[in-house]
Amino acid sequence: MDEKTSEKGEARFSRIRQLVGAEGMAKLHRAKVLVVGLGAVGSYAVEGLARAGVGHLRLVDFDVIQPSNINRQLYALESTLGKRKCDVARSRVLDIYPDCQVESLPIFVHNDTMESLFADFEPDMTIDAIDALEPKVALMCALQQRHLEAISSLGAALRTDPTQVRISLLRDVHGCPLGRMIKKRMRRRGISRDAMRFVCVHSTEDVSAIRTQFLRPPEPLQPGEFHRGRQRHVLGSFPTLTGIFGLTIANYVIQKLWQPSCKE
């Protein structure tokens with residue numbers, strides 16, 4: 001590494017190093033984070049991690065980028081349409097932090113593929129940004145069984161008030177339809193309310209009165225788009241709220257990784 005390259009590397013994270021110190025920066029460079037789901041929330045979460053200098057990322061998403069993604073997903077551009085989200089995510093991370101050890105896995109998450117997520121990779125933190133119910137529940141249960149630290153995103157659709165975004169345990173979340181459905185399926189799997197210690201980002205904004213009004217039929221599949229299971233109805237979303245969810249998750253993870261109590 002020449003002197004110019006070394007100076008650039010030092011400058012790249014100088015502002016965060018001023019905040020967390022040399023030891024904290026070293027922890028971020030050593031940290032391993034698994035991110036599952038690279039859409040409206042997950043893409044912004046990865047952005048925060050890369051710009052904070054997290055040194056090892058495994059990025060998981062089976063989907064390709066569609067025109068309907070452009071309003072809210074960081075990787076969705078005219079130039080990236082039809083490309084795999086995980087591959088575009090990897091390229092962007094390396095453009096931000098060339099020394100990052102980053103993998104892209106085009107895997108659809110379900111019980112049969114769960115082992116692939118953790119193969120030869122023990123994450124210090126996992127981000128669940130899946131928006132499909134059954135894969136989300138399967139991942140959350142797998143994380144609990146493995147005693148791995150994680151944070152999950154609940155529903156950001158229809159929300160318009162950023163001041164109501166919160167971080168809570170799943171068992172304490174109220175008024176979120178996705179959270180309610182997850183808890184119902186958890187109970188079916190024999191997980192009690194007290195055992196639902198999953199950390200979640202959610203909104204306290206009540207959208208029950210407008211949910212039916214803004215519900216739209218499932219969108220038709222586009223060429224190259226993958227679908228499995230029951231199709232979901234479409235709910236509108238602001239790019240700002242989904243981005244805030246993702247950056248809130250990234251902020252939580254960064255704080256957990258650099259502080260002295262973090263797993264070495």
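Helices here are DSSP runs of H or I with at least four residues, strands are DSSP runs of E with at least two, and both are numbered from the N terminus. The model in every view is predicted.

**Figure 1. Overview of the protein chain.** The chain has 264 residues, and 48% of them count as buried. Its secondary structure comprises nine helices and seven strands. Take the contacts between residues at least 6 apart in sequence: 73% of these join residues at least 24 apart.

**Figure 2. The open seven-stranded sheet.** Strand order is S3-S2-S1-S4-S5-S7-S6, and the pairing is mixed. S3 (101-105) and S6 (165-169) form the edges. Each of these two has a single partner strand, so one side of each lacks a neighbour in the sheet. On average, neighbouring strands are turned by 20° against each other, direction ignored. Strands of a sheet pair through backbone hydrogen bonds, in parallel or antiparallel fashion.

**Figure 3. Strands S1 and S2 side by side, with helix H4 across S2 and S3****.** S1 covers residues 32-36 and S2 covers residues 56-60. The two strands run parallel and are joined by five bridges. Val 33 stands opposite Leu 57 of S2. Leu 34 faces Arg 58 of S2 in the same way, standing opposite it. In a regular strand, side chains alternate between the two faces of the sheet. Four of the five residues of S1 are buried, so this strand is largely enclosed by the rest of the structure. Helix H4 (residues 85-96) lies across S2 and S3. Its direction is at about 170° to S3.

**Figure 4. The crossing of helices H3 and H9****.** Two packed helices are described by the distance and the angle between their axes. For H3 (residues 42-51) and H9 (residues 239-258), the axes come within 7 Å and cross at roughly 40°. The two helices are therefore oblique to each other. The crossing is right-handed. H3 contributes Tyr 44, Ala 45, Gly 48 and Leu 49 to the contact. H9 contributes Gly 243, Gly 246, Leu 247, Ile 249, Ala 250, Val 253 and Ile 254. Eight of the contact residues are nonpolar, three are polar and none is charged.

**Figure 5. The crossing of helices H6 and H7****.** H6 spans residues 133-145, and H7 spans residues 177-188. Their axes come within 10 Å and cross at roughly 60°. H6 and H7 are therefore oblique to each other. The pair crosses in a right-handed sense. On H6, the contact residues are Leu 133, Glu 134, Lys 136, Val 137, Met 140 and Cys 141. On H7, they are Leu 178, Met 181, Ile 182, Arg 185 and Met 186. By class, the contact has eight nonpolar, three charged and no polar residues.

Figure 6. With 0% relative accessibility, Ser 43 counts as buried. Residues up to four places away in sequence are set aside here. Beyond these, Ser 43 touches Leu 38, Gln 73, Leu 74 and Tyr 75.

**Figure 7. Pro 106 in the loop between S3 and H5****.** At 28% relative accessibility, Pro 106 counts as partly exposed. That value falls between the limits for buried, under 20%, and exposed, over 50%. Neighbours within four places in sequence are again left aside. Pro 106 is then in contact with Asp 61, Phe 62, Arg 84 and Cys 86. Pro 106 and Val 64 are 42 residues apart in sequence. In space, their C-alpha atoms are 9.4 Å apart.

**Figure 8. Positive phi at Asp 120****.** Asp 120 is not a glycine, yet its phi is positive, at about 55°. Asp 120 sits in the loop between helix H5 (114-118) and strand S4 (125-128). Its relative accessible area is 81%, and Asp 120 is exposed.

**Figure 9. Positive phi at His 147****.** Phi of His 147 is near 55°, a positive value in a residue other than glycine. His 147 belongs to the loop between H6 and strand S5 (150-153). Its relative accessibility is 73%, so His 147 counts as exposed.

Note on methods: Residues are numbered from 1 along each chain as its sequence is written. This is a predicted model: local features need pLDDT of at least 70, side-chain atom pairs count only at pLDDT 80 or more; totals for chains, interfaces and linings use all residues. Side-chain values use heavy atoms; hydrogens and water are left out. Axes are lines fitted to C-alpha atoms, for helices over the stretch in contact, and angles run from 0 to 180 degrees between N-to-C directions. Angles under 35 degrees count as roughly parallel, over 145 as roughly antiparallel, 65 to 115 as roughly perpendicular and the rest as oblique. A crossing is left-handed if the near helix is turned anticlockwise from the far one by less than a right angle, and right-handed if clockwise. Contact means heavy atoms within 4.5 Å. Ala, Val, Leu, Ile, Met, Phe, Trp, Tyr, Cys and Pro count as nonpolar, Asp, Glu, Lys and Arg as charged, and the others, Gly among them, as polar. Two strands pair if DSSP finds at least two bridges between them. Buried means under 20% relative accessible area, exposed over 50%, partly exposed in between (1.4 Å probe, protein chains only).
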